[in-house]
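Good morning, everyone. Please take a moment to look at the sequence and the structure before I go through them.

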Amino acid sequence: MSDTKEIEDKILSEISKIKSLKELQEIKIQELGKKGRVSILMRSLSDVSSEEKKILGKSYNELRVNILKAFESKELEIRDADILNRIEIEKLDVTLPVRPGNDNDEGKIHPISRTIDNIIDIFSNFNFTVETGPDIENDFHNFTALNIPDDHPARQDHDTFYISNQDNQERKLLRTHTSPVQIRTMINKKPPIRIIAPGRTFRCDDDATHSPMFHQIEGLVIDKNINMGHLKGLLRAFCEEFFEVSNLPIRFRPSFFPFTEPSAEIDIGYNKIGNSIKIGQGSDWLEVMGCGMVHPNVFVNCNLDPEEWQGFAFGLGVERFAMLKYGISDLRNFYEGDIRWLNHYGFSTTNSPNFDFKED
Ligand code: DAH
């Protein structure tokens, strides 16, 4: 027994001096391998009586287990120390500013993202929350519930991308506007509702002012005793805030959308000097968004009583707002991924907001 204890103490003291994983492997083989002290002891059991074998076997086994445990905890100790050491010497300060003079080292915020963030910011201050919906929609949410039935001429204006119909499942499409989020919200939430819904939208169209993928922001307010005056007040305040022009010339021009009645389009006053547009001056009008009072049929399609609830909705194109604010003249620039363009029109991630009007 005392032999065992002596061997154990010796090996444990050896283990305690180990400094590296390499050394640990070597000593482990040396001590626990075939020629190691523990194996020799184990083999010696074949020469003893079965009585002694029981007692010695138990103590040799305990010795083996204790030594294995000591190797294991030593290994953990070395690995932990290694990690701490690497953390110490491989320090990286991610808060350091980029070295000056190399524009490409700093990522830029895309003007579309910046415009969406900016619009969300403004509406958050008006107590709106943000809702989202899927890019792949069905006929019901994109058209039918919005009072655009199958044979409605407005369907043709949407140049819809349909997704090929497999296994006779319900026909799916890429949403042509963010208005289906109105439907999803009215079906899933109880009024009062005060939401905006930014997102990607898709239409089969491609030229300097249209892209097959673009972005819209939808808005919806449902409550009791809501009228057109609320709509006008809110959207005027929003446009003045977004374009940073007080007393912005603005007009609500009667229009038509199947899901609102009455419907209007909002125009804002602008002036074109050379190639650049000055918002809020001059005598020309620029159409910026659609809006109107939610149609009673839309309420009914969402299981809400139009006698009890009223509301208004609006929708705007993000690209158009970004082009007007930042003086970008070709919509296709947004999606080309040209790093030089992004360095010019993008926004710094570290500087405070800068909405300076940039000329093209
Ligand atoms: N969904 C319309 C479109 O894509 C935009 C729009 C107009 C949305 C009027 C509205 C609205 O919510 O009230 O052209």
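How do the residues of the shell around the ligand divide into nonpolar, polar and charged? They divide into five nonpolar, eight polar and two charged, where Ala, Val, Leu, Ile, Met, Phe, Trp, Tyr, Cys and Pro count as nonpolar, Asp, Glu, Lys and Arg as charged, and the others, Gly among them, as polar.

Please keep in mind that this is a predicted model, in which local features need pLDDT of at least 70 and side-chain atom pairs count only at pLDDT 80 or more, while totals for chains, interfaces and linings use all residues. Residues are numbered from 1 along each chain as its sequence is written, and side-chain values use heavy atoms, leaving out hydrogens and water.

In total 15 residues surround the ligand, each having a heavy atom within 4 Å of it, and the closest are His177, Ser179, Arg203, Gln216 and Glu218. At least two residues of this shell come from each of the strands β7 (213–223), β11 (284–294) and β12 (310–317), strands being DSSP runs of E with at least two residues, numbered from the N terminus.

Turning to polar contacts, meaning pairs of N or O atoms within 3.5 Å, a ligand nitrogen is 2.9 Å from an N or O atom in the side chain of Ser179. A ligand oxygen is 2.6 Å from an N or O atom in the side chain of Glu218, and an oxygen of the ligand is also 3.1 Å from a polar backbone atom of Ala313. Taken alone the ligand exposes 350 Å², of which the protein buries 90%, with areas computed by the Shrake-Rupley method using a 1.4 Å probe.

How values were computed
Polar contact = N/O pair within 3.5 Å; in protein donor to acceptor, adjacent residues only side chain to side chain. Helix = DSSP H or I, 4+ residues; strand = E, 2+ residues; numbered from the N terminus.
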